[in-house]
Amino acid sequence: MSKVYIALQDNEESHYIVEAIEEDNPDSTVIYQPAMIRIENEGRMVIKRETVEDKMGRDWEIPALHVNLITLGGNVDEDDDELTLTWND
Amino acid sequence: MSNRKLNLKDKYRLLTRDLEWEYSYRDYEEIFKQESFEGIKITDWSKWEDPFRLTMDSYWKYQAEKEKKLYAIFDAFAQNNGQQNVTDARYVNAIKLFLTGVSPLEYQAYNGFAHVGRQFGGVGARVACQMQSLDELRHVQTQIHAMSHYNKHFDGFQEFPHMHDRVWYLSVPKSFFDDARSAGPFEFMVAIGFSFEYVLTNLLFVPFMSGAAYNGDMATVTFGFSAQSDEARHMTLGLEIIKFMLEQHEDNVPIVQRWINKWLWRGYRVLTLVAMMMDYMLPNKVMSWQESFEVYFEEAATSLFKDLARYGIEMPAYAATAIEEKEHLSHQAWSIFYNYGHAAAFHTWMPTDQEMDWLSEKYPNTFDKYYRPRYEKWREMEEAGERYYNPTLPMLCQTCQIPMGFTDMENPTLTSYRQSEYDGERYNFCSDGCKDIFDHEPEKYVQSWLPVHQIYQGNCGGAEMEDVLGEYYRINLGVDNLDFHGSPDEERWNAWHNLQPAEDKLKEAS
Amino acid sequence: MAVAAITENYVGERLDRVENFHGNQVLYIGWDHHLMFCAPVAFPVSPQAPFRQVLEELIPGAFSLHPEFGEIDWDEVQWHLNGEPFTPDMDATLAEQGIDHKSAVRFATPGLNGIKGCGS
Ligand SMILES: [Fe+2]
Ligand SMILES: [Fe+2]
Ligand SMILES: [Zn+2]
């Protein structure tokens, strides 16, 4: 299996996003590095708008992820409700 | 507002596909002249899909938000005299190299994407390239803004665009991008969009920027990560164009494979500079070059190429060589710059004992065996008042233009020499990768503007090295160059931190 | 192979033709396993220069800073020219012994293994 990953700037908003990712991808690994947070998972990862909104307690849309995004690895698919990262093996 | 009801997919469709028109009174080939000469076959541009489905309105909205955050941090950094709070003045030399070597590439990327954004027949690809072009312009501007603050307090920043076009080591990144931009539009996308952005820039913008944060440089980490937030989109575009070409026609597969082989090697050679920035120029260490390479190249590229295997794409040729070199690369690069520290627009130095111990720990197979004794000798020479500088100009590789400081991995203290003869003339290379690239397109690489040869031809100012360095390169001699120890940068730094009482500092500031 | 180019039969300008070096040619010299010199070095030199000049002027100018330089036994040195073993003729010119423009000459000094034997 290949690992997909996403890295976010280490800031207040990202903490909620990370919480949401951990909830929706229970097997993912979160790695804290200076000024950044890297989250990796085997094969697939999903970021759901609803879960993030839930954590933040306000409206949030998927493209807003770009503000805190540093990098990612995997095939991206984005629509109004979620962004997924996948690798085909 | 009616567009509130549209979902992302509809908005994107309206922005791209449905805004295209039929070309009724001009030939397609006439409008998109550069689409076919590289041999890439496109049968249906409507199959192009941007996975982020980014539309112009949300593009402006989120870019504006990124800028606001970024400039707030620049202001705070300047107001707090952030330049005094980095770990050590030696660190700033990595930023000098960044401004002279990397930021001008952002400008080249802006040019390149603006150009290919006109050449593709598919409107989705054109829109994505145009947005990327704007991003790249933003990157060069924000980087210049961020580093203009350092220019007020440190030497070596003042002539970066002039230097980028002339100075010997800057010909490495410059010629890399010149090579990509003078290729056709599809090769450019494989070169920059895929190989550089998808596979390689992570090594520069992620671990190095995290390192900048760890060394107290909030301005740099912020522009780095702000740029990189666009990069995630660029990477995705790079991967998309590859998949698109591979899906369009099976004849595209061998062409794309050759470009991947070529551009990953070209890009990896440029990253030699980053290897030494990681291991030698960050006083507080986050991770070694080898560790970053393992995560962001070996691991990431393995997943990626496993994914692309369904199209018949294989792991790039020479990846094995790059992997073998990971325990040597940064040390060989630092040795080159230490040798020619009199000809560089930033300072070099020998690592402290503590730093050497860190290198031994991170490179247990190579550092003590091959590099530590060399460094200890150089330090001894420096202590005796005879800081070592190489008195003769180096032999350069015809393709990557780096001094031939790389060695054969089976015999790591033997320089790797490769040679080709073409049209009655000899050409020399640092590696199989660089030789094969030349052999495939010699008419391109016979034109390499090799700084050492240009100096010997008399094209770089006067006959004396002082003229070349001082006038032609505009290095402020005795100030920008030579060892960090004894430099005006060091002197100022010491004055800020030890020698000057806090009261005087306050008086000066007000 | 030809370059894929928008112009047919594209030909690039040869930037380093020997004619551009004002009567000189470029000669590269490297000392094997002595990486205190990070890379082989490049010299502009007349093709009419005898090899003796390379040995007595260019090589000391480039490499004499190395602590082992004075210990070299020049009769034992092993030479390579463009990858092939080679025995230089001290009195013949470079041109006469096939050392042409952008040739690479390597020399190895058996028994001298660099600083503390580390190949530097
Ligand atoms: Fe960029
Ligand atoms: Fe980019
Ligand atoms: Zn090379």
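How many salt bridges are there between chain B and chain C? Before I answer, please keep in mind that what we are looking at is a predicted model. The count between these two chains is five salt bridges, and one of them joins the side chains of Glu425(B) and Lys102(C), with 2.8 Å from N to O. Alongside these, there are 24 residue pairs in polar contact between chain B and chain C, both residues being at pLDDT 80 or more.

Let me stay with this interface for a moment. On the side of chain B that touches chain C, the elements giving two or more residues include the strands β2, β3 and β4 and the helices α15 and α17, and it is α17(B) that provides the largest share, eight residues. The residues on this side of chain B divide into 26 nonpolar, 20 polar and 12 charged. Counted by contact, 58 residues of chain B meet 48 residues of chain C, and the two chains bury about 4400 Å² between them, with 57% of that on carbon and sulfur atoms. Arg426(B), Tyr456(B) and Gln457(B) supply 15% of the area that chain B buries against chain C, which is more than any other three residues.

Because Glu106(B) sits in helix α4 of chain B and Glu136(B) in helix α5 of chain B, the pair ties together parts that are 30 residues apart in sequence. Glu106(B) counts as buried at 6% relative accessibility, and Glu136(B) is buried too, with a relative accessible area of 1%.

Finally, some salt bridges within single chains, out of the 54 that the structure holds over all chains. In chain A, Glu40(A) pairs with Lys3(A), the closest N and O atoms being 3.2 Å apart; since Glu40(A) lies in strand β3 and Lys3(A) in strand β1, this pair ties together parts 37 residues apart in sequence. Glu40(A) is buried, at 9%, whereas Lys3(A) is partly exposed, at 27%. In chain B, Lys262(B) forms a salt bridge with Glu441(B), linking helix α11 to the loop between α18 and α19, 179 residues apart, and both of these residues are buried. In chain C, Asp32(C) and Arg106(C) form a salt bridge, with their closest N and O atoms 3.0 Å apart, and both Asp32(C) and Arg106(C) are buried.

Notes. Residues are numbered from 1 along each chain as its sequence is written. Chains are lettered from A and ligands numbered from 1 in the order in which they are written. This is a predicted model: local features need pLDDT of at least 70, side-chain atom pairs count only at pLDDT 80 or more; totals for chains, interfaces and linings use all residues. Side-chain values use heavy atoms; hydrogens and water are left out. Helices (H or I, at least four residues) and strands (E, at least two) are DSSP runs, numbered from the N terminus. Buried means under 20% relative accessible area, exposed over 50%, partly exposed in between (1.4 Å probe, protein chains only). Contact means heavy atoms within 4.5 Å. Buried area is the accessible area (1.4 Å probe) that two parts lose on being put together, summed over both. A salt bridge is a side-chain nitrogen of Lys or Arg within 4 Å of a carboxyl oxygen of Asp or Glu. A polar contact is a pair of N or O atoms within 3.5 Å; within protein, one must be able to donate a hydrogen and the other to accept it, and residues adjacent in sequence count only if both atoms are side-chain atoms. Ala, Val, Leu, Ile, Met, Phe, Trp, Tyr, Cys and Pro count as nonpolar, Asp, Glu, Lys and Arg as charged, and the others, Gly among them, as polar.
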